[in-house]
Amino acid sequence: QVELAESGGGSAQAGDSLRLSCILSEHTFNAYAMGWLRQAPGKECEFVAGISWSGESIYYGDAVKGRFTVSRDRTKNTMYLQMNSLKPEDTAVYYCVADTAIVEECFWDNRGKGTQVTVFS
């Protein structure tokens, strides 16, 4: 059983920064890749970033490349998403996800409840 808990969402002005965190609680010894998805009202789910279990492989969605940075601390079972130069179009619910490999789409086996990020212009 995998449980994911996001934190760090909130409101920001355009150009500001926010950092999201996600703690993975699991009762197996699988090595999980982790990632972030987001979904804005009326829009389809969007892949934001993914990081392998080792941290050596990292992928970003085109919309966030150069602005967002994903990282993880395996000793704390925690993944982070540093979001810089925020734009109003980054407004969405952000979901932490986990799976046995990175999926550059929205089809991950495990998903947290999400955290709202709102960016004002």
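Predicted model: local features only at pLDDT ≥ 70, side-chain atom pairs only at ≥ 80, totals over all residues.
Residues are numbered from 1 along each chain as its sequence is written, and side-chain values use heavy atoms, with hydrogens and water left out.

**Stop 1: the disulfides**

Select Cys22 and Cys96 together. They form a disulfide, with sulfur atoms 1.9 Å apart (a disulfide is a pair of cysteine sulfur atoms within 2.5 Å). Cys22 lies in strand S3 and Cys96 in strand S9, so the bond ties together parts that are 74 residues apart in sequence. Strands here are DSSP runs (E, at least two residues), numbered from the N terminus. Look down the S-S bond: the torsion is about -80°, so this disulfide is left-handed.

How many disulfides does a search of the whole structure find? It finds two. For the other, select Cys45 and Cys106, which are joined S to S at 2.0 Å. Cys45 lies in the loop between S4 and S5, and Cys106 in the loop between S9 and strand S10 (110-111), so the pair ties together parts that are 61 residues apart in sequence. The torsion about the S-S bond of Cys45 and Cys106 is about -95°, so that disulfide is left-handed too. Is Cys45 buried or partly exposed? Cys45 has 24% relative accessibility, so it counts as partly exposed. Cys106, at 16%, counts as buried. Counting bonded cysteines along the chain, the pattern is 1-3, 2-4.

**Stop 2: the nonpolar cores**

Now select Met34, Trp36, Leu81, Met83 and Tyr94. These have the most contacts inside the largest nonpolar core, which has 27 residues. A nonpolar core is a set of buried Ala, Val, Leu, Ile, Met, Phe, Trp, Tyr and Cys residues joined through side-chain atoms within 4.5 Å. Colour the strands next. Those giving two or more residues to this core include S1 (2-7), S3 (18-26), S4 (33-39), S8 (78-83) and S9 (92-99). A second, separate core has six residues, among them Ala33, Leu37, Cys106 and Trp108. In soluble globular proteins, nonpolar side chains tend to be buried together.

**Stop 3: Tyr94**

Zoom in on Tyr94, in strand S9. Its relative accessible area is 0%, so Tyr94 is buried. Show its neighbours. Beyond four places in sequence, Tyr94 is in contact (heavy atoms within 4.5 Å) with residues including Glu6, Trp36, Val48, Leu81, Met83 and Val117. Val48 is 46 residues away from Tyr94 in sequence, and their C-alpha atoms are 8.8 Å apart in space.

**Stop 4: the four-stranded sheet**

Select S1, S3, S8 and S7. In what order do these strands form their open sheet? The order is S1-S3-S8-S7, with antiparallel pairing. Two strands pair if DSSP finds at least two bridges between them. S1 and S7 stand at the edges, each with a single partner strand, so one side of each has no neighbour in the sheet. The twist averages 15° from one strand to the next, using axes fitted as lines to C-alpha atoms and angles from 0 to 180 degrees between N-to-C directions.

Focus on S8. Five of its six residues are buried, so S8 is largely enclosed by the rest of the structure. S3 joins S8 through six bridges, with Arg19 opposite Gln82. S7 also pairs with S8 over six bridges. Here Ser71 stands opposite Tyr80, and Val70 opposite Leu81. Leu81 also touches Leu18, Trp36, Phe68 and Tyr94, among others. Follow the chain from S7 to S8: they form a hairpin with four residues between them, and Asn77 in the turn has a positive phi of about 50°.

**Stop 5: Arg72**

Finish on Arg72, in strand S7. Its side chain reaches the backbone oxygen of Tyr32 at 2.9 Å. The backbone oxygen of Ser52 lies 3.0 Å from a polar atom of the Arg72 side chain. Among the other residues that Arg72 touches are Met34, Ile51, Trp53 and Met79.

Technical notes
Buried < 20%, exposed > 50% of the residue type's maximum accessible area, 1.4 Å probe, protein only. Polar contact = N/O pair within 3.5 Å; in protein donor to acceptor, adjacent residues only side chain to side chain.
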